[in-house]
Amino acid sequence: MSKVLRLKAALLSLLLFAVFLGVWQFATQAKESNSLAGASAEYAALMGKGAEKTDGFPPPAKVGRAFVEYLSDPFYDKGPNDKGIGIQLAHSLARVGLGFLLAVIVALPLGFAIGMSPLLFQAFNPFIQVLKPISPLAWMPLALYSLKDSSISGIFVIFICSIWPMLINTAFGVASVRRDWLNVARTLEVNPLRKAFLVILPAAAPTIVTGMRISMGIAWLVIVAAEMLVGGTGIGYFVWNEWNNLALPNVIFAVVMIGLVGMGLDLIFGALQKLVTYRE
Amino acid sequence: MALQNPFDPNAVLHRCSCGQHTSQVEHELAQTEALNQRVIQTTVMKALFPEDAERRRFLSAVGASTAWAAISSIVPFGTLEAMAQDKGAPEKKDLKVGFIPITCASPLIMADPLGFYNKEGLNVSMMKTAGWALIRDKVLNKEYDASHMLAPMPIAISMGIGSNAAPTNVMTIQNINGQAIVLAMKHKTNRDPKNWKGFKFAIPFEFSIHNLLLRYYLAEHGVNPDTDVQLRVVPPPEMVANLRAGNIDGFLGPDPVNQRAVFDEVGFIHILSREIWDGHPCCSFAIPTEFVKQNPNTFAALYRAILKSSAMARDPKNRPIMAEVLAPANYLNQPKAVLEQVLTGKFADGLGNVRNVPERVDFDPFPWYSMAYWILSQLKRWGYVKGEVKYKDIAERVYLLTDAKKYMAEVGQTPPKETMKKFKVMGKEFDPAKADAYVASFAIKKV
């Protein structure tokens, strides 16, 4: 039954995609612009008539061509401002990875401590509540000014935005470990370190990984915006560069790539989550 | 001993640490020169007398001064020193130079594919940057060694308005003219600035010639730029997208953005900026003073490369080729057809006319002091600078006119003899000697 259902769902997805493409094609059909009626041939030539122009929303075929063009040679390097999509994605992933790793290193121990001690929880809570809702990009000018390096600033912004969900989830997970288990541990006179790693960590793991999954999603959202601001390399810079040229097919291509990579990252954490989930 | 900040009110500029020179700068220069001389003299003496004992005998036999005279008659010490100062190996070879993807940057970009940087022994990476504020920050952070900047930016940065004060210099002007006022298509029939109250205009940066020229133009038509219209800072590459979206009514922007708006049929060229001030500076090649001091040879090499590139860019014959080289994604990322119209001056104005203005943009590198004077006068007029403005002081510290002359002569160009000239902005003459009176003469101002 579930196999049939899956097949049906896949067919429906395909159908939806086909309808989407059809509507897109229909909506972007080339309209003859007659704004140049009556103008001289020379003027028309200067306005780029007859040549392929990039204005208007591109039809699917044009976007498809962008896909083929970029994916057929993903690792070219034509100077510091023009690199292949593979290289750009690698730069973005490296930044996200580094910022995220730093956040994990800080958030997990701190979250643990906050979760285990009601005093620390009360003490840290106001700071977390104030810092959490700040848009990561609002940090950018401050980071640029004080860190004096644009790529470190990018990593810092990833760090500062991905730390909160992890911190809060870790604290919450640690704080809500079942009393019974802790009591059993106490009865058996387990030392605190052993208690932390063998009782609390496995019990809180699903919540912690959920926090990491949310954080990664946010980090990937932020990197694109951050790279549009600081430029240089990365998928965000790619989008910005193509937007400058108003080359929408390439922008759409990049948007799809961002979505695919984001989905990939989410799948990884989804698998990790399955791994640590337990049934009571 | 570090160079003192000349904009620090407590700094002593007219005396040096040893007391023999009129300023610390001169003191430092004299020391470096003396050191250079010694190095060269030592090298020559070593070559003449491989044995130290032999040299001693010679010197004690004829006396040091006679020896000096005899040797300098056959060895041109002066020339050697000059060569050592100028053509020395660059201290820093791998440079990062920032630019904004606009045609104003043509000379500094073209020097890369044409190999002008390489010929001077430099390995320059051209870094495309998202906006002027970021350029400023990256130069202040020393991520960039030198950069494309708007002509008023080094003045503002040196004076510490809009950022921390950091002495920054203009080596050359990148381009003159080459900007335009572009309006959205819906204003096709509304060409009189008197009716523009309530408009939203985009400018690339506060400290830009665009801001100053647009303010001047509006004020001359009785529109107060501070109260009657809205001026928004929008990075040049994003201007067309904003015009298309209807966020703004128009902009005074750099090329190729203006022509791109026409090409995409979202706007038309109202006037070219040369119709406001023919020969106005726009962008410059800027370098932090600290970098110049630490890397004099790199500085000289950069100067020669940029000047050669500017001379190349001035020749109308080269313009179509430039359009081709600048078009790809690594540089401007714009259609070649647009760049060609900008650079050759034969363009569609968006209203159905073909105009032919070969002097639409030019790449005259000479950093006239008078340009800095005018910029300062307008910064004062619109309240960016408060109080008394030391025109001469600031212009001479920021605009490296003397160096420009020296290196222009070195690469076989003929620099102008004067350092100032009078010019007309919208028919009104600007005399640099009477800059303050000029500011006072305007009816619309914010002083």
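In chain B, five strands make an open sheet of mixed pairing, ordered β2-β1-β3-β11-β4. Strands are DSSP runs of E with at least two residues, helices runs of H or I with at least four, both numbered from the N terminus. Two strands pair if DSSP finds at least two bridges between them. At the edges lie β2 and β4 (168–173) of chain B, each pairing on one side only. From one strand to the next, the twist averages 30 degrees; axes are lines fitted to C-alpha atoms, with angles from 0 to 180 degrees between N-to-C directions. Strands β1 (residues 94–99) and β3 (residues 146–150) of chain B run parallel and are joined by two bridges. B:Gly98 has B:Ser147 of β3(B) as its bridge partner.

This is a predicted model: local features need pLDDT of at least 70, side-chain atom pairs need 80 or more, and totals for chains, interfaces and linings use all residues. Residues are numbered from 1 along each chain as its sequence is written, and chains are lettered from A in the order in which they are written.

Chain B has 19 helices and 16 strands. Its domains, with bounds from an automatic or database assignment, are tabulated here.

| Domain of chain B | Residues |
|---|---|
| domain 1 | 24–86 |
| domain 2 | 94–177 + 281–346 + 360–440 |
| domain 3 | 182–273 |

The C-alpha centres of domain 1 and domain 2 of chain B are 39 Å apart.

Chain B also meets chain A. Here 30 residues of chain B contact 29 residues of chain A, contact meaning C-beta atoms, placed from the backbone, within 7 Å. β2(B) gives the largest share of chain B's side, four residues.

Conventions. Two residues are in contact if their C-beta atoms, placed from the backbone, lie within 7 Å.
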